[in-house]
Amino acid sequence: MGMLLALVFTAPGAARASLLHLEGAPPPDLGLHQEHLSPCPSPAHCAREDWSVANPAAALDKLLPAVLALEGIEIVETGSGYIHATATSRIFGFVDDLELHAASADGVIEARSLSRIGDSDLGVNGRRLATLRRALEAT
């Protein structure tokens with residue numbers, strides 16, 4: 001049993017190999033609404049930020065490798081200044097939705113990370129956006 005737990009906690013790769021798979025339904029407000037990402041329904045399980053950049057489209061392109069480097073990430077949709085990805089946690093298989101949008105008219109990258117299930121994300125979504133913000137600042 002100890003060996004199995006060691007493999008679960010240390011095995012690299014996709015989070016699809018999680019112990020459980022608590023996926024939940026995709027949020028109904030994914031995507032762009034009036035050319036913007038939706039606000040967070042609750043700060044307890046969602047994080048939303050706007051990052052000022054000189055060229056939002058170029059910044060979004062530079063962010064893609066940082067998105068792909070996140071643990072358990074799977075790209076769902078890309079194109080037209082929008083990225084939608086899911087991030088699946090390794091142990092329990094919780095699925096979060098990550099959205100990034102190059103709002104060129106506003107000079108910002110809009111970022112939102114939202115847990116599909118649960119009342120609290122224990123700060124996971126905020127930390128995910130902080131990681132991406134640092135990657136953007138480093139480029």
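**The sheet and its helices**

Trainee: Which residue of E7 is the bridge partner of Leu100?
Mentor: This is a predicted model. In it, strand E6 (residues 95-103) and strand E7 (residues 108-115) are paired in the antiparallel sense, over eight bridges. Within E7, the bridge partner of Leu100 is Ala111.

Trainee: What is the strand order of the open sheet?
Mentor: The sheet has five strands, with antiparallel pairing. Strand E3 (46-52) and strand E4 (73-79) stand at the edges and have a single partner strand each, so one side of each lacks a neighbour in the sheet. Neighbouring strands are turned by 15 degrees against each other on average, direction ignored. The order is E3-E7-E6-E5-E4.

Trainee: What angle does the direction of helix H2 make with that of E6?
Mentor: Helix H2 (residues 56-68) packs on the sheet and touches E3, E4, strand E5 (82-88), E6 and E7. Its direction and that of E6 make an angle of about 155 degrees.

Trainee: Against which elements do the buried residues of H2 pack?
Mentor: The buried residues in H2 are Pro56, Ala59, Leu60, Leu63, Ala66 and Val67. The elements that the buried residues of H2 pack against are E3, E4, E5, E6, E7 and H3.

Trainee: At what angle to E3 does helix H3 run?
Mentor: Helix H3 (residues 124-138) lies across E3, E5, E6 and E7.

Trainee: Is Asn125 buried or exposed?
Mentor: Asn125 lies in helix H3. Beyond its neighbours within four places in sequence, Asn125 is in contact with His45, Cys46, Ala47, Asp96, Ser113, Leu114 and Ser115. The relative accessible area of Asn125 is 0%, and the cut-off for burial is under 20%. Asn125 is therefore buried.

Trainee: Which side chain makes a polar contact of 2.7 Å with the side chain of Asn125?
Mentor: The side chains of Asn125 and Ser115 are joined by a polar contact of 2.9 Å. The polar contact of 2.7 Å is made with the side chain of Asp121.

Terms used
Residues numbered from 1 in each chain as written. Predicted model: local features only at pLDDT ≥ 70, side-chain atom pairs only at ≥ 80, totals over all residues. Heavy atoms only, no water. Pairing = 2+ DSSP bridges. Helix = DSSP H or I, 4+ residues; strand = E, 2+ residues; numbered from the N terminus. Axes fitted to C-alpha atoms, helices over the stretch in contact; angles between N-to-C directions. Contact = heavy atoms within 4.5 Å. Buried < 20%, exposed > 50% of the residue type's maximum accessible area, 1.4 Å probe, protein only. Polar contact = N/O pair within 3.5 Å; in protein donor to acceptor, adjacent residues only side chain to side chain.
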